[in-house]
Every structure is written in C-alpha cells, then in structure tokens.
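Below is a short report on strand pairing, cores and charged pairs. View the model first, then read on.

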Amino acid sequence: VEAVHLIADGKAPRIPQPKEGATYEGIQKKENAEISWDQPAAALHNWIRGHDKVPGAWTTINGQVVTFYGSSLFDASVPAGQELAIKGASRPGLVTKNGLVIFGNDGKMVLVRNLQFEDGKMIPASKYFSADETTALELTEEEKKMAEDIR
C-alpha cells in the first residue's frame with residue numbers, strides 16, 4: 001500500500017536500469033543453439049523445443065548443418081527405420097514414418113518432426129532419405145487435352 005501511495009504522490013524512487021547486460025541478443029544467436037548430444041532425452045527435447053523457431057537447434061548431418069523443429073518425447077519401443085549418422089551423437093538416429101527418432105545418453109528417445117537445411121529448405125523428417133527424389137507429373141489423355149485448351 002505504501003508503494004502505491006508513493007507512486008500516486010509522484011514520490012516513488014526512480015532507479016535507472018544499468019545498460020550492461022540489458023539485452024537478450026546473445027541468447028538468440030545461431031552459433032549458441034548447437035545440440036550437445038551428451039544429455040538425456042528430456043534435455044535434448046527441451047533444447048530443441050526451447051530454440052524452436054528462432055534460432056533453431058541444429059547439428060551436423062553428412063557435413064551439412066541441419067536444424068531440428070517440432071520435437072516430442074517418444075515413449076514407446078524402438079521403431080523400425082533407416083539409420084542416420086549424426087555428428088557427435090553416440091547412437092545414430094532413425095528416420096521413421098513419423099519423423100526422426102534421436103536418442104539421449106540415457107537410451108530414451110525424442111521424435112523430431114521437421115528438418116531444415118542450410119539452403120532454407122524445410123522437409124518432414126520422415127522424408128529425409130527421399131528429399132532429393134522428384135516425381136514427374138503424368139497426365140491422362142483427358143488432362144492433356146484440358147491443359148492444351150487452357151493454354
């Protein structure tokens with residue numbers, strides 16, 4: 001109550017905030033968001049989730065910086081998937097139909113749903129090994145005629 005009265009009377013003390021250390025800029029730098037793999041799964045999940053979207057938690061896969069987005073703890077049996085070597089990880093990740101499963105140093109798992117490459121391209125993690133594949137669009141005769149009519 002006393003503080004409210006001091007403010008209302010215009011007599012409250014004013015202490016200027018020091019300029020030193022008054023920014024959060026250092027926290028949001030990309031170089032500070034690299035994933036340290038020697039941690040339990042919960043810590044990995046919190047690190048990825050805490051950096052989701054800006055600046056994005058990242059690691060190196062096949063010599064390329066890959067940023068992880070959309071993590072969740074994965075509490076089930078180890079799913080079937082294609083192994084993916086991750087620099088610094090004690091165990092390779094698994095590209096599954098649901099996403100990329102990564103392992104903490106406690107053997108527990110984290111599921112990552114999206115990956116972004118250095119060029120800015122973002123893909124579902126489940127499509128990692130098929131990311132470079134392109135499929136040609138094949139039109140039926142009726143669709144070809146319609147395309148010609150539109151042209």
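Val95 stands opposite Leu100 in β5. The two strands involved are β4 (residues 93–96) and β5, which run antiparallel and share three bridges. Two strands count as paired if DSSP finds at least two bridges between them. Helices (H or I, at least four residues) and strands (E, at least two) are DSSP runs, numbered from the N terminus. A hairpin of two residues links β4 to β5.

This is a predicted model, in which local features need pLDDT of at least 70 and side-chain atom pairs count only at pLDDT 80 or more, while totals for chains, interfaces and linings use all residues. Residues are numbered from 1 along each chain as its sequence is written, and side-chain values use heavy atoms, with hydrogens and water left out.

**Strand β5 and its other partner**

β5 covers residues 99–103, and five of its five residues are buried. Buried means under 20% relative accessible area, exposed over 50%, and partly exposed in between (1.4 Å probe, protein chains only). β5 also pairs with β6 (residues 109–117), again in the antiparallel sense, over four bridges. Phe103 has Met109 of β6 as its bridge partner. Five residues sit between β5 and β6 in their hairpin. Gly107 lies in that turn, with a positive phi of about 85°.

**Two cores**

In a regular strand, side chains alternate between the two faces of the sheet. Which residues have the most contacts inside the largest nonpolar core? They are Trp37, Phe68, Leu100, Ile102, Val112 and Leu115, in a core of 22 residues. α2 (41–50), β1 (57–61), β2 (64–74), β5 and β6 each supply at least two residues of this core. β6 gives the largest share, four residues. A second, separate core has six residues, among them Phe74, Val101, Met109 and Leu111. A nonpolar core here is a set of buried Ala, Val, Leu, Ile, Met, Phe, Trp, Tyr and Cys residues joined through side-chain atoms within 4.5 Å.

Phe68 is worth a look. Contact means heavy atoms within 4.5 Å. Leaving out residues up to four places away in sequence, Phe68 touches residues including Ile35, Trp37, Ile48, Leu100, Ile102, Val112 and Leu115.

**Gly81**

Gly81 is in the loop between β2 and β3 (82–84). Gly81 is partly exposed, at 42% relative accessibility. Beyond its neighbours within four places in sequence, Gly81 contacts Leu94, Val95 and Thr96. Gly81 and Val101 are 20 residues apart in sequence, with a C-alpha to C-alpha distance of 8.7 Å.

**Salt bridges**

Side chains of opposite charge can pair when their charged atoms come close. The structure holds three salt bridges. A salt bridge is a side-chain nitrogen of Lys or Arg within 4 Å of a carboxyl oxygen of Asp or Glu.

| Glu141 | Lys144 | 3.6 Å |

Glu141 and Lys144 are about one helical turn apart, because they are three residues apart in helix α3 (residues 141–150). Glu141 is exposed at 62% relative accessible area, whereas Lys144 is partly exposed at 43%. Asp149 and Lys145 also lie in helix α3, four residues apart, about one turn of the helix. Asp149 is exposed at 55%, and Lys145 is exposed at 53%. Arg151 is exposed as well, at 76% relative accessible area.
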